[in-house]
Amino acid sequence: MVIYGDLPVNNKHWIMLFQCIGLGYIGLPTAAVVASKGVRVHGVDVNDRVVDTINQGEIHIVEPGLGEVVRQSVASGMLLASVEPKKADVHLIVVPTPFKGVHEPDVSFVEAATRKVLPFLKAGDTFIIESTSPIGTTEQMAVLIFRERPELKGNLFIAYCPERVLPGNVLHELVHNDRVIGGIDEASTLKAKEFYELFVEGELYGTNARTAEMCKLTENSSRDVQIAFANELSLICDKAGINVWELIALANRHPRVNILQPGAGVGGHCIAVDPWFIVSEYPRESRLIGTAREINNYKAFWCAEKIHSSMLEFELKHGRKPLVALMGLAFKPNIDDLRESPAKYIAQKVMQSEQNNFLVVEPNIDFHSVFKLTDYQEAYDRADIVAFLVTHDEFKLLGYRDDAVVLDFAGVFKRLPEPRMSWV
Ligand code: SAJ
């Protein structure tokens with residue numbers, strides 16, 4: 001067992017021990033990067049299997065480059081994981097904020113983590129929340145802390161700093177992205193900034209806690225609204241017989257237009273979730289944000305309906321049921337993450353009544369407990385109807401099949417299924 005006290009201390013840091021509560025997609029990379037800067041890190045997670053895995057120098061998530069940083073940090077004794085918190089100088093809360101009820105943010109994990117660390121806080125400590133949180137959460141946690149530990153009032157720095165990293169590029173973005181840091185007071189903002197200066201090479205922008213909380217929700221809502229615009233265009237273009245990909249490429253030649261890409265819907269645990277944190281609290285004021293969410297959800301439903309109607313058309317025309325290839329299950333290209341995936345939703349929906357006539361493809365995973373997976377080339381070659389749900393790189397190398405019905409929802413070939421020239 002490694003005892004922190006036995007290890008050489010990097011004296012240039014004022015932080016003797018950094019404590020990271022939550023060792024998931026954001027917490028673990030942050031813990032490992034901070035450890036790699038010569039600061040001792042105590043990582044805490046409720047899951048003892050996660051803790052054991054990390055203490056063996058291994059990782060439980062898929063993220064390029066992370067395995068090596070964790071291995072080195074653990075081997076050097078700078079990173080140690082546990083299910084229990086301890087005294088430290090900086091405490092970072094990086095736990096999930098899921099939904100409860102109808103799209104209401106559930107901050108109970110943030111609160112539980114705060115309560116767990118409460119007995120270990122001491123005067124002069126810095127307490128930072130990174131979990132995506134509804135406006136006012138940091139202030140609420142400050143109230144909770146000072147109610148239980150009134151002697152710390154005026155002696156604790158409390159701030160909110162949202163994470164902004166893109167899954168798949170976390171290690172680079174963790175260091176190079178600019179950060180927004182909002183303290184409950186000026187001193188807290190400055191102290192939290194000092195912590196991020198240890199490993200962030202991007203700019204650090206100070207503000208208050210509520211603005212920092214809203215900033216995170218705004219970033220992901222902005223992307224959601226912009227994708228909804230692209231998805232809405234795809235619905236209009238489908239009816240109008242216009243190639244939406246060509247349309248967007250042309251419109252984007254305007255110097256002040258930059259439309260995103262339509263797809264099978266919006267997935268992941270961030271963009272498909274965070275806008276609801278605004279909508280649930282400010283429903284009357286956030287009509288555009290709420291509508292964007294509905295449009296992006298509807299797009300997945302629409303894709304499933306399209307597959308169904310293509311299957312019926314095929315059966316009417318050929319007198320037999322078609323074989324359908326569902327290409328991709330991940331929530332976005334070239335990853336193995338299926339969380340909140342519109343592609344998975346579509347597959348589940350179209351396969352509800354019958355499973356036999358579908359070939360499900362996901363080249364980034366070997367096994368799925370619900371779907372029997374087929375090799376992508378085999379599925380593509382055999383199917384009568386091919387529905388592209390994700391633009392994985394492998395799919396782009398396939399030759400276009402003129403002899404199949406190609407439903408290119410994700411924009412692999414960016415072609416219309418068939419020429420529709422109503423003016424001829
Ligand atoms: N998508 C489209 N069209 C596009 C771009 C994306 O349909 O033109 C879809 C993707 O296929 C996917 C979804 O949107 O289903 C979300 O993918 P993404 O790559 O836009 O974002 P995430 O969820 O991987 O990461 C986002 C990032 N936020 C922003 O870009 C504003 C990331 O920086 C955040 O840190 C992350 O959410 C988070 O954790 O909040």
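Glu-340 is placed in the loop between β11 (324–327) and α12 (342–350), where helices (H or I, at least four residues) and strands (E, at least two) are DSSP runs numbered from the N terminus. The model is a predicted one, in which local features need pLDDT of at least 70 and side-chain atom pairs count only at pLDDT 80 or more, while totals for chains, interfaces and linings use all residues. Residues are numbered from 1 along each chain as its sequence is written, and side-chain values use heavy atoms, with hydrogens and water left out.

Although Glu-340 is not a glycine, its phi is positive, at about 50°. Lys-414, in the segment after β14, likewise is not a glycine and has a positive phi, of about 55°. Most residues other than glycine have a negative phi. Glu-340 counts as partly exposed because its relative accessibility is 48%, and Lys-414 is also assigned to the partly exposed class, at 39%; buried means under 20% relative accessible area, exposed over 50%, and partly exposed in between (1.4 Å probe, protein chains only).

The strand β11 belongs to an open sheet of four strands, ordered β12-β11-β13-β14 with parallel pairing, two strands being paired if DSSP finds at least two bridges between them. The edges of this sheet are formed by β12 (358–361) and β14 (405–408), each of which pairs on one side only, and the twist from one strand to the next averages 15°. Strand β13 (residues 385–388) runs parallel to β14 and is joined to that strand by four bridges, with Val-386 standing opposite Val-406 in β14.

An oxygen atom of the ligand is 2.5 Å from an N or O atom in the side chain of Arg-223, whereas a ligand nitrogen lies 2.7 Å from a polar backbone atom of Gln-261. Of the 770 Å² of accessible area that the ligand has on its own, the protein covers 86%, as computed by the Shrake-Rupley method with a 1.4 Å probe.

Helix α8 also contains Ser-234, which is buried because its relative accessible area is 9%.

Technical notes: A polar contact is a pair of N or O atoms within 3.5 Å; within protein, one must be able to donate a hydrogen and the other to accept it, and residues adjacent in sequence count only if both atoms are side-chain atoms. Axes are lines fitted to C-alpha atoms, for helices over the stretch in contact, and angles run from 0 to 180 degrees between N-to-C directions.
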